[in-house]
Amino acid sequence: MDIESFPIEVAYANQHESYLLCLKVRPQSTIREAIESSGILLALPKLCLESTPVGIWSKIYPLHHFVQPFDRVEIYHPLMKDAETIRQERLSVKKQKSTG
């Protein structure tokens, strides 16, 4: 890339695999362009950017948001269970163990 390009990372993880890709992009590159340039869509062909939340450093942003030097673009996936459900299930198991 040219001298004006800057480094960013594109990250994705689920329960089976994780990716952290380092690349350089041009100024005024969007989150969408960064993800597409990273090549991660080739590894995750079922990933639909239009319906998948994305963000930078744990904050959700739209695909047209511009990335900045050293940003970590994150591709999120839906949680299998929310934290409250997990806590309730743990409590239920503990109660069963203590009474059983």
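Leaving aside its neighbours within four places in sequence, with which residues is Ala34 in contact?

Reply: This is a predicted model, in which local features need pLDDT of at least 70 and side-chain atom pairs count only at pLDDT 80 or more, while totals for chains, interfaces and linings use all residues. Residues are numbered from 1 along each chain as its sequence is written, and side-chain values use heavy atoms, with hydrogens and water left out.

Ala34 is in contact with Ile8, Val10, Leu23, Val25, Val67 and Val73, once its neighbours within four places in sequence are left aside. Contact here means heavy atoms within 4.5 Å. Ala34 belongs to helix H1; helices (H or I, at least four residues) and strands (E, at least two) are DSSP runs, numbered from the N terminus. With a relative accessibility of 0%, Ala34 counts as buried, a term that means under 20% relative accessible area, against over 50% for exposed and partly exposed in between (1.4 Å probe, protein chains only).

Helix H1 covers residues 31–38, and its buried residues are Ile31, Ala34, Ile35 and Ser38. Seen down the axis of H1, these buried residues fall within an arc of 95 degrees, so they line one face of the helix. The arc is that of the directions from the helix axis to the C-beta atoms. The buried residues of H1 pack against strand S1 (6–13), strand S2 (18–25), helix H2 (40–43), strand S3 (54–56), S4 and S5. Just after H1, Gly39 takes a positive phi of about 85 degrees.

In soluble globular proteins, nonpolar side chains tend to be buried together.

Val73, one of the contacts of Ala34, also has its own set of contacts. Apart from neighbours within four places in sequence, Val73 is in contact with Ile8, Glu9, Val10, Ala11, Ile31, Ala34, Ile35, Gly55, Ile56 and Val67.

Finally, Ala34 may be set against a residue elsewhere in the chain. Ala34 and Lys94 are 60 residues apart in sequence, and their C-alpha atoms are 45 Å apart in space.
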